[in-house]
Amino acid sequence: MSNYSKEDILRMAKEENVRFIRLQFTDLLGIIKNVEIPVDQLTKALDNLMMFDGSSIEGFVRIEESDMYLYPDLDTWVIFPWTPEKGKVARLICDVYNPDGTPFAGDPRGVLKHVMKQAEELGFTDFNIGPEPEFFLFKNDERGEPTLELNDKGGYFDLAPTDLGENCRRDIVLELEDMGFEIEASHHEVAPGQHEIDFKYADAVTTCDNIQTFKLVVKTIARKHGLHATFMPKPLFGVNGSGMHANMSLFRGEKENAFYDENTESQLSETAMQFLAGTLKHASAFTAITNPTVNSFKRLVPGYEAPCYIAWSMRNRSPLVRIPSSRGISTRIEVRSPDPSANPYLAMAAMLAAGLDGVKNKMTPPPETDRNIYAMDEDERKAEKIEALPETLKGAIDALKENDVILKSLGEHAVEHFIEAKEIEWDMFRTQVHPWEREQYMQMF
């Protein structure tokens, strides 16, 4: 991570012939917003004097309290490599502040920072996350609109000629590396047209900034290849959906992974087991935030490698939480339910709040599940006390509404506006008549 000063940024803007700067922030639904300014306004922006109208942003504020200020995070300065030499475009990711200089309660990045403070109060210096976002590539039609036609027939780890998305994926990786990403792996995923690019873990705020930048780069470069990249969790019936597994660990100082203990049989520390217990306890509630669309729940069904049951294992890939085999500094907990339609800041904040509640209250997780849960019948699952994740967005919202730990951690403003938006979404879906219904019932009745 770079430590830039205002002077560094002004100098780089001049040296690199930057003409425009995008001041970026994220709304409650995870959509990137930006205010673009000419370079002669950069000094004003770096002095935290750029204002915007918060009433026009989803989940922010009413018209009578609309003035908001953007405070750029100088370490997020980056020049977009795909912009023309004559007039480059750079960006700064911003925190959103009220006119009185206090952090705005509806800013997702601010919400995550607030939950990070709770971790610091418990003696943890960092919450590190390694995300694994997946996406599909579809062909665009002659008008540039996305079709449902895939651009390859590849499968897991396939190479060309079956993986025609390889060139596009390679270009995405090169652009990301130009922007300072450390890419760990890039490969074709299980379904045709599906891809995954994994980048190195970082602290929670940086990781979420990276996820948002990643989505922007993937969509921009795909369009140059005549393709549409989508992070929709389940664009096609009958194939695997796209997830965004989150590998999480808490640190004390730079070198001490709080999840590792060489003296236990599993080499997992008491902290790791308590964090795991909190994660499992609050999983139903945080699902509304980690899987926030109607479509998210089409992915969380048996048979497509996505978790549907609240359980954990060191070996088995069917439960919600898996403990990868790496130990030492790489000891981590992998939560497999989140998908890339989630607002990353809110999703990571909710999962951190869940885990920290386990640590605070010294919770003990249930026994590990080594059997394939999908192969168990309901009675077997009941005997093992394995509960299912919510099956619909409505079920997840209801679980969130009843969970004081997540509600308090994320703050009243953010959660109220989030729930309100999601209840509207659910109601629009619930009252819509879908093609499936007409196919089934028009002629039968």
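About 1,600 Å² is buried between domain 1 and domain 2, and carbon and sulfur atoms give 66% of that area. Buried area here is the accessible area (1.4 Å probe) that two parts lose on being put together, summed over both. The structure is a predicted model, in which local features need pLDDT of at least 70 and side-chain atom pairs count only at pLDDT 80 or more, while totals for chains, interfaces and linings use all residues. Residues are numbered from 1 along each chain as its sequence is written, and side-chain values use heavy atoms, with hydrogens and water left out.

- Domain 1 covers residues 6-104 and domain 2 covers 114-436; the bounds come from an automatic or database domain assignment.
- The C-alpha centres of the two domains are 28 Å apart.
- Contact (heavy atoms within 4.5 Å) links 19 residues of domain 1 with 21 residues of domain 2.

**Annotated binding site**

- An unreviewed UniProt entry places a "binding site" feature at Glu184, Phe199, Lys200, Tyr201 and Arg317. UniProt positions are given in the numbering used here, feature names are shortened, and annotations may be inferred rather than shown by experiment.
- Phe199 belongs to strand β10 (residues 194-199). Helices (H or I, at least four residues) and strands (E, at least two) are DSSP runs, numbered from the N terminus.
- Phe199 is buried, at a relative accessible area of 3%. Buried means under 20% relative accessible area, exposed over 50%, and partly exposed in between (1.4 Å probe, protein chains only).
- Not counting residues up to four places away in sequence, Phe199 touches Pro131, Pro133, Phe181, Glu182, Ile183, Glu184, Asn210, Ile211 and Phe214.
- Lys200 sits in the loop between β10 and β11 (202-203) and is partly exposed, with a relative accessible area of 31%.
- With residues up to four places away in sequence not counted, Lys200 touches Glu182 and Glu184.

**Helix α5**

- The 21 residues of α5 should span 30 Å at 1.5 Å a residue, and the end C-alpha atoms are 30 Å apart, which agrees. The expected span of a helix is 1.5 Å times one less than its number of residues.
- α5 is mostly covered, as 16 of its 21 residues are buried.
- Thr213 lies in this helix (residues 204-224) and is buried at 2% relative accessibility.
- Apart from neighbours within four places in sequence, Thr213 is in contact with Arg91, Ile93, Met179 and Phe181.

**Helix α3**

- α3 (residues 108-121) has 14 residues and reaches 20 Å from its first C-alpha to its last, close to the 20 Å expected at 1.5 Å a residue.
- The buried residues in α3 are Pro108, Arg109, Val111, Leu112, Val115, Met116, Gln118 and Ala119.
- Viewed down the axis of α3, its buried residues fall within an arc of 165 degrees, so they line one face of the helix. The arc is that of the directions from the helix axis to the C-beta atoms.
- Exposed residues Lys117 and Glu121 are carried on the face of α3 turned away from its buried side.
- Glu120, also found in α3, is partly exposed, with a relative accessible area of 45%.
- Glu120 and Asp404 are 284 residues apart in sequence and 21 Å apart in space, C-alpha to C-alpha.
- Gly123 follows α3 and has a positive phi, near 95 degrees.
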